[in-house]
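Good morning. I will go through one structure, part by part, starting with a helix and ending with the core.

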Amino acid sequence: NTIISANILDVIRVSMSQIESAKFTPTHVVLNPVDVAKMQLTKTSTGEYTTPIFYPTANGEMRVASLIVVSTTYMTAGTFLVGDMTRANLRVRENANIQVGYVNDDFARNMVTILAELRAVHYIKLNDVNAFVKGTIATAITALDPAI
């Protein structure tokens with residue numbers, strides 16, 4: 001309850017602070033494309049944009065508050081994830097299996113069927129759970145803004 005007129009950028013910055021307080025270094029923010037657009041279109045009371053709309057780095061990444069912005073429809077609109085993604089682990093359980101062949105009339109239709117499988121597990125170690133902050137944007141804004 002200390003940030004007046006809190007917005008999505010404030011939520012991201014406070015989340016970074018929580019992660020840094022736990023001795024981790026936040027690297028990414030994951031948002032739905034709708035929320036990325038809202039963030040980019042945030043304006044001051046006099047109508048100026050608070051962040052440049054198009055601010056990609058040399059390799060095409062968009063950044064905000066030093067974090068790489070990951071825009072994906074796999075994140076529900078209205079939610080966010082800020083984290084030290086170096087603390088996320090992916091382990092392959094079974095090697096990749098790729099099969100290529102003809103099925104039914106593939107040969108006659110000049111097509112090939114490809115089947116690819118990989119078994120993997122994604123996990124976060126118990127010691128690293130504080131390297132991630134996930135939540136609902138509206139709830140976080142309400143917690144930050146004393147006027148709401």
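**Helix, sheet and core**

On helix H3, the face turned away from the buried side carries Ala 138 and Thr 139, which are exposed. Buried here means under 20% relative accessible area and exposed over 50%, with partly exposed in between, using a 1.4 Å probe and protein chains only. Helices (H or I, at least four residues) and strands (E, at least two) are DSSP runs, numbered from the N terminus.

A word on where this comes from. The model is predicted, so local features need pLDDT of at least 70 and side-chain atom pairs count only at pLDDT 80 or more, while totals for chains, interfaces and linings use all residues. Residues are numbered from 1 along each chain as its sequence is written, and side-chain values use heavy atoms, with hydrogens and water left out.

Back to H3. Which of its residues are buried? They are Ile 137, Ala 140, Ile 141 and Leu 144. Seen down the helix axis, the buried residues of H3 fall within an arc of 100 degrees, so they line one face; the arc is that of the directions from the axis to the C-beta atoms. They pack against H1, S1, H2, S4 and S7, contact meaning heavy atoms within 4.5 Å.

Next, the sheet. It is open, with five strands in the order S2-S3-S1-S4-S7 and mixed pairing. Two strands pair if DSSP finds at least two bridges between them. S2 and S7 are at the edges with a single partner strand each, so one side of each has no neighbour in the sheet.

S1 and S3 run parallel, joined by four bridges. In S3, Val 70 is the bridge partner of Val 30, and Ser 71 is that of Leu 31. S1 and S4 also have four bridges, but pair in the antiparallel sense; there, His 28 stands opposite Gly 83 of S4.

Last, the core. A nonpolar core is a set of buried Ala, Val, Leu, Ile, Met, Phe, Trp, Tyr and Cys residues joined through side-chain atoms within 4.5 Å. How many residues are in the largest one? It has 28, and those with the most contacts inside it are Ile 12, Val 29, Leu 31, Met 39 and Phe 80. Its largest share, six residues, comes from H1. Leu 31 touches, among others, Ile 12, Met 39, Phe 80 and Ile 137, not counting residues up to four places away in sequence.
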